[in-house]
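This briefing is intended to be read alongside the sequence and the three-dimensional structure. Please keep both in view while working through the points below.

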Amino acid sequence: MSVPWLDLGNLDDLMDGGECRGVVVDGHKLGIFVVDEEVFVIDDLCSHGNALLSDGDLDGYEIECPLHAGAFDVRSGKALCKPLTRDVRKYETRVEGGALLVRFERT
Ligand code: FES
């Protein structure tokens, strides 16, 4: 069965002028990142520890974890440097009529 598209709401309202934003869906933390008007959604919880990537620093396509400065590529969720050993999940997104849709299975 294909994974459904979940409407996270109006993108501009969600981001409120910022480039990083965390939301919680059914207890699952999703990080939304906007780079050059392109939007990316990955797991917001760092794969190394208990830190929210949406609280980190975004530099181009790299989000730096606020706790130990590990970095992920927001386009893929790929872990880019130590101390990270695991990627985070990346979600397909699209914007429709201003709404941010993410391919996410609700639990
Ligand atoms: S918790 Fe993110 S790098 Fe350690």
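Pro-83 is found in the loop that runs between strand 7 (71-73) and strand 8. The peptide bond leading from Lys-82 into Pro-83 is cis, and its omega angle is near 5°. The model examined here is predicted.

**Backbone features in other loops**

- Asp-16 is not a glycine, yet its phi angle is positive, at about 50°.
- Asp-16 belongs to the loop that joins helix 1 (11-15) to strand 2 (20-25).
- The relative accessibility of Asp-16 is 69%, so this residue counts as exposed.
- Glu-37 likewise has a positive phi, of about 70°, although it is not a glycine.
- The loop that holds Glu-37 lies between strand 3 (28-35) and strand 4.
- Because its relative accessibility is 81%, Glu-37 counts as exposed.

**Overall architecture**

- The protein contains one helix and ten strands.
- In sequence order, these elements follow the pattern β-α-β-β-β-β-β-β-β-β-β.
- A compact globule of 107 residues would have a radius of gyration near 13 Å, and the protein agrees with this, since its own value is 13 Å.
- The C-alpha trace spans about 40 × 35 × 20 Å along the principal axes.
- Of the 107 residues in the protein, 40% are buried.
- The accessible surface amounts to about 6200 Å², and carbon and sulfur atoms account for 44% of this area.

- Gly-9 is located in strand 1 (residues 5-10).
- Although Gly-9 and Ala-99 are 90 residues apart along the chain, their C-alpha atoms are separated by 5.1 Å.
- When residues up to four places away in sequence are not counted, Gly-9 touches Leu-14, Gly-98, Ala-99 and Leu-100.
- Gly-9 has a relative accessible area of 22%, and it is therefore partly exposed.

**Charges and salt bridges**

- The protein carries 11 positive and 21 negative side chains, and the centres of these two sets lie 9 Å apart.
- How many salt bridges are there? The count comes to three.
- Another salt bridge is formed by Arg-103 and Glu-92, whose closest N and O atoms are 3.2 Å apart.
- This pair links distant parts of the chain: Arg-103 is in strand 10 (residues 99-103), while Glu-92, eleven residues apart from it, is in the loop between strand 8 (90-91) and strand 9 (93-96).
- Both partners are partly exposed: Arg-103 has a relative accessible area of 26%, and Glu-92 has one of 41%.
- A further salt bridge brings together the side chains of Arg-94 and Glu-96, at 2.7 Å from N to O.
- Arg-94 is partly exposed, with a relative accessible area of 32%, and Glu-96 also counts as partly exposed, at 44% relative accessibility.

**Asp-44, a charged residue without a salt bridge**

- Asp-44 lies in the loop between strand 4 (38-43) and strand 5 (57-59).
- Is Asp-44 buried or exposed? Asp-44 is buried, yet it has no salt bridge.
- The nearest side chain of opposite charge belongs to Lys-29, which is 7.8 Å away. A salt bridge requires a side-chain nitrogen of Lys or Arg within 4 Å of a carboxyl oxygen of Asp or Glu.
- Leaving aside neighbours within four places in sequence, the contacts of Asp-44 include Gly-22, Lys-29, Leu-30, Gly-31 and Phe-33.
- Asp-44 is also in contact with Ala-51, Leu-52, Leu-53 and Ser-54.

Key:
Residues are numbered from 1 along each chain as its sequence is written. This is a predicted model: local features need pLDDT of at least 70, side-chain atom pairs count only at pLDDT 80 or more; totals for chains, interfaces and linings use all residues. Side-chain values use heavy atoms; hydrogens and water are left out. Helices (H or I, at least four residues) and strands (E, at least two) are DSSP runs, numbered from the N terminus. The radius of gyration is taken over C-alpha atoms; the globule rule is 2.2 Å times the number of residues to the power 0.38. Buried means under 20% relative accessible area, exposed over 50%, partly exposed in between (1.4 Å probe, protein chains only). Accessible areas come from the Shrake-Rupley method with a 1.4 Å probe; for residues, only the protein chains shown count as cover. Lys and Arg count as positive and Asp and Glu as negative; His and the chain ends are not counted. The place of a charge is taken as NZ of Lys, CZ of Arg, CG of Asp or CD of Glu. Contact means heavy atoms within 4.5 Å.
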